Amino acid sequence: MTDEAPPPPETSRPETHQKAEARAAEAAAIRRRWITLGEILAVLAVLISALTLWLNWSERREDAATKVADSHKATTRAASLLLKATADGADRLTLKPVSDDQTVQSQTLRFPKALGVDPVETTGDARIEARWFDEGLKKAREKAGLPDDSRGDERLPVLLETRFLVDGESHEDRALYEIGYSIAGRMLSGHRVTLRGLSLIRRVENSDAQAQLDARWAKLVPAKKE
């Protein structure tokens, strides 16, 4: 009797098919994960790009707004006149804008009515001269009972209307200033007015500029009581 070899074990086809399906399912799941990750990265890229664009736009808008504000401030500063005075001898003050960007074209200098002095016009050469008002000032001081000699720097309010240029554009400034001065002498020998300097009080409107000037004088030099 011949011994027969045992038959080889049969491979389970259902099991092999299941493994293949499992591998395919796993591969599909991996692909889905990659697709999902790619979609997320794409969305993030779009969001980052949008955020970058918005930040750039926002920065440009802020820069533009800052430039406009700086330009407006510069224009406002340029259009705001401040005069400084330099003594040119004892009886004259030379006037010049503090800003080098400004050029004075002409001025009208008005005095308190108590002095009885007419306005003075200047063109180009901005200045204040004592001879324009010294006699009226002396009479007004005498009428108010003020001493012959000043006790330091006295103050005379004046109204300065100035036409000036900034970058070729015309502007006008109207402001109350005070002239610092001293006075010395005697009735027989005469008094001498010496100009010291100029200080800004405030800017005023045209409608009540003279009234404010007279009120300032009345405050500094009250009327003499009879």
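This is a predicted model: local features need pLDDT of at least 70, side-chain atom pairs count only at pLDDT 80 or more; totals for chains, interfaces and linings use all residues.
Modeller: Residues are numbered from 1 along each chain as its sequence is written, and side-chain values use heavy atoms, with hydrogens and water left out.

Biologist: In what order do the three strands of the open sheet stand?

Modeller: Strands are DSSP runs (E, at least two residues), numbered from the N terminus. Two of them pair if DSSP finds at least two bridges between them. The pairing here is antiparallel, and the order is β1-β2-β5.

Biologist: Why is one side of β1 and of β5 left without a neighbour in the sheet?

Modeller: β1 (83–87) and β5 (127–129) each have a single partner strand, so one side of each is left without a neighbour: both stand at the edges.
β1 pairs with β2 (residues 92–97) in the antiparallel sense, over five bridges.

Biologist: Which residue in β2 does A85 stand opposite?

Modeller: Look along β2, residues 92–97. The residue opposite A85 is L95.

Biologist: Which helix gives the most to the lining of the largest pocket?

Modeller: Helices are DSSP runs (H or I, at least four residues). α2 (134–143) and α3 (209–220) each supply at least two lining residues. With three residues, the top contributor is α2.
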